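Please open the model in your viewer and keep the selection tool at hand. The tour below goes from stop to stop, saying what to select and what is found there.

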Amino acid sequence: LVDKNMVVRAGEERYNMLETAHEYALERLEIAEQTLYSRRTHLAYFMQLADQAAPHLWDKEQGEWLRRLTVEIDNFRGALRWALNREITDPEEVDMGARIAASLWYFWYLTGRLQEGQNWLILALNLVPQLNRTRARLLMADGTLLWQQGKFPMADSRLQESIDLLSFLEDEAGLAEAIHMYGHIVFDQRNYEEAKNIFQKSLSTYEALGDCVIRITLLGDLGLVACHQGDLVSARAYYEQCLELYIMYEIKDGEAQTYIRLGDVARLEGDYEKAGGFYEKSLLINRGLKISLEIACSLHKLGFSALHKGEIHQAQALFRESLALQHEFGNQQGMAECLAGLASVDVYVGRYEEAARNFCAAR
């Protein structure tokens, strides 16, 4: 087929088919009455792949699985369209499609596809009214992506519903995850003591389940609470513990995130050189992993470091680069932080009307 130009080699094990050949093949499947079998086989395969990938997006194999899922993105879209977006749906296929949408939520988040992920989750939720584990996972996933877009009331509602359902189903692992995500809703609304209690509850559940990797994430979240409560000594202790564990378990995205948080502690203590060094380390790792939202976060943190060192043009360039990424992915919290950074640049150089506009936009 390659020799006859019917398919084009795209790597050692992958091929692209010309559109005319693709259409012809679909027609032949219809004639042979094999379309339904082929679609279902395709759907089942990619459901299994999504389920297999989900836990690895949190461990040291994250980078490899992100690359693998990104390569397969159009196959996942095709499977989801077939399962969830047809006039006539099949309950078994709907369940498989819903499992794909729920399993891929962290992939949607890491790659900045927040709105696309949420679109699939909403389709699935509309087709899965049953009070089962699939619906509980969909609610948790949708609530988390809503949180990332700054839609707190809707996110709160989704996650609370997920927690109630998972409690009813006695799904301890799912419950720990949903409580963890709900803690971030509470934290971002500055209810720090309540967030601390929620994170500790989730941490205790993960420890009882023997999940070492997510336990590290919760330690970092407790450090985040301590930092925002002004306890920088405790915050640094939590972060240094996390960094040691992330390096030991070879979890690169966790390592990058911890460098950002250590940079924040240094910046709050007025050591902008040290902060910039931590932010540079995080940016280097995130660029290697190609995690777009985390790249944007590293950039805007570096922007504040540059600003405080008086490197105004560099700060402005970093804020603008980060803002473009945040806007592309619809991350409103990130957009607000970058606008506040640009407003600070405007104040520094005396552009007060522009500063006021940017501060208002951030607000």
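Begin by selecting Phe107, which is buried, with a relative accessible area of 0% (buried means under 20% relative accessible area, exposed over 50% and partly exposed in between, with a 1.4 Å probe and protein chains only). This is a predicted model, in which local features need pLDDT of at least 70 and side-chain atom pairs count only at pLDDT 80 or more, while totals for chains, interfaces and linings use all residues. Residues are numbered from 1 along each chain as its sequence is written, and side-chain values use heavy atoms, with hydrogens and water left out.

The structure holds ten aromatic pairs (rings of Phe, Tyr and Trp, the last by its six-membered ring, pair if their centres lie within 6.5 Å; planes under 30 degrees apart count as stacked, over 60 as edge-to-face and the rest as tilted). In one of these, the ring centres of Phe107 and Trp108 are 5.7 Å apart and the planes meet at 55 degrees, so the pair is tilted.

Next select Tyr259 and Phe278, a stacked pair with 6.2 Å from centre to centre and 25 degrees between the planes. Because Tyr259 belongs to helix 14 and Phe278 to helix 15, the pair ties together parts that are 19 residues apart in sequence (helices are DSSP runs of H or I with at least four residues, strands are runs of E with at least two, and both are numbered from the N terminus). Tyr259 counts as buried at 9% relative accessibility, and Phe278 does so at 16%.

Now show the whole of helix 15, residues 272–289, which has 18 residues and reaches 25 Å from its first C-alpha to its last, close to the 26 Å expected (the expected span is 1.5 Å times one less than the number of residues). Among its buried residues are Ala275, Gly276 and Tyr279, and what covers the buried residues includes helix 3 (62–71), helix 14 (252–268) and helix 16 (292–308). Just after helix 15, Lys290 takes a positive phi of about 60 degrees.

Move on to Glu170, in the loop between helix 9 (152–169) and helix 10 (172–188), where phi is positive at about 55 degrees although the residue is not a glycine. Glu170 is exposed, with a relative accessible area of 66%.

Finish at Arg190, in the loop between helix 10 and helix 11 (192–209). The phi of Arg190 is positive, near 70 degrees, and at 66% relative accessibility Arg190 counts as exposed.

Technical notes:
Contact = heavy atoms within 4.5 Å.
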